[in-house]
Amino acid sequence: MPDSPVKKPRGRRTQKHDLTADSLSAAPELTRPTAMDNPSNEAKQGLERSFAVLDMIAAHPCRVVDVMREMNLPWATAHRTVKKLEKAQFLMFNAETSRYEIGPRMWHLGSSYLANNKMLRAAISYLANERDIRGVDVQVVERIGNYSVVIHAEKRQVQEISKAQYGYHIPLHAGSKGLILLAYETEAFVDAYLAQPLEQLTPRTVVDPDAIRQRLAEIRREGIVQTEGDVQHFTGSIAAPVFGPGGAAVGCVSFVYLKKLAGDEVHLETLREALQMMTHSISLELGWHPGQS
């Protein structure tokens, strides 16, 4: 009976030449590599891709096609990645908006982080005994990537301010909290951040890199910053940095107020003094010593 023809294995080639059945039998130790054989290749790329998708969707809920376009991925790869993250509850699909959002498992991980956050613990302890701060929403803020992220918020006024609650994030070049965090970053980080296109949230959001650099220099000299109308047209805010051991800025505290308060300079000066006292006390509790920053 004549020999049946040798079939070439289907799929991606592992070398420049085809691996036939004869060649594999002659060299049994030669097997097709898998992602787990070399975690620095496919497995690592898959993890990095998943992290990038989570980061993207945390910034703005989106569709699979948005992930595909923004990350320059094949449709199948983008779809597979999103579906795996959805299955693991890191993402969830919002049927009302037809967008993917951060899922409950991410909240579980994030809440564990907040439970052990020393700056947050010190800030909450301070606020529990502070009754003179009024007329503002108090925010405890950290930099996460290119955003200032509110990790805790307390209302110290009657009226509601939208987007002032914890979890909200804005680009670092907008708002007092973003600018104060950007001001105390390394020169290399600032250069890289300002080299990208900057979103203008309102007509008063400064997006010119040279103007922002000048503002950052002023902030470092003064140790506090106040902005109005550059995040939402009807709000203003002031922010001051919180320092940790060694003098590095680990976050900030921001007071957000309705813009009509801008005319009450006496109250604003009281708020500025209270803010600097608060951030100074928190920094000391974290192990910072005056003169380190």
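**Exercise 1. Find which residues Ser50 is in contact with, leaving aside its neighbours within four places in sequence.**

Start with the term: contact means heavy atoms within 4.5 Å. Before going on, note that this is a predicted model, where local features need pLDDT of at least 70, side-chain atom pairs count only at pLDDT 80 or more, and totals for chains, interfaces and linings use all residues. Residues are numbered from 1 along each chain as its sequence is written, and side-chain values use heavy atoms, with hydrogens and water left out.

- Step 1: Ser50 sits in helix α2. Helices here are DSSP runs of H or I with at least four residues, strands are runs of E with at least two, and both are numbered from the N terminus.
- Step 2: Skip the neighbours within four places, and you're left with Thr81 and Leu85 as contacts of Ser50.
- Step 3: Check the cover. Ser50 has a relative accessible area of 19%, so it is buried. The cut-offs: buried is under 20% relative accessible area, exposed is over 50%, and partly exposed is in between (1.4 Å probe, protein chains only).

**Exercise 2. Work out which helix gives the most to the lining of the second largest pocket.**

First, what's a pocket? On a 1 Å grid over the protein atoms alone, it is an open set of points with protein on both sides within 12 Å along at least five of seven lines, and lining residues have an atom within 4 Å of a point.

- Step 1: Get the volume, which is about 340 Å³. That is the space filled by probe spheres set on the points, with grid points joined across faces, edges and corners.
- Step 2: Look at the lining. It has 13 residues, and Glu42, Gly46, Arg49, Arg80 and Lys84 lie nearest the centre.
- Step 3: Sort by helix. Both α2 (42-59) and α4 (75-87) supply at least two residues, but α2 gives the most, with seven.
- Step 4: You get three nonpolar, five polar and five charged residues. Here Ala, Val, Leu, Ile, Met, Phe, Trp, Tyr, Cys and Pro count as nonpolar, Asp, Glu, Lys and Arg as charged, and the others, Gly among them, as polar.

**Exercise 3. Gln89 and Ser98 aren't glycines, yet each has a positive phi. Find where they sit.**

- Step 1: Gln89, with a phi of about 70 degrees, is in the loop between α4 and β1 (91-94). At 47% relative accessibility, Gln89 is partly exposed.
- Step 2: Ser98, with a phi of about 60 degrees, is in the loop between β1 and β2 (99-102). Ser98 is partly exposed too, at 38% relative accessibility.

Conventions. On a 1 Å grid over the protein atoms alone, a cavity is a set of points where a 1.4 Å probe fits but cannot get out, and a pocket is an open set with protein on both sides within 12 Å along at least five of seven lines; lining residues have an atom within 4 Å of a point.
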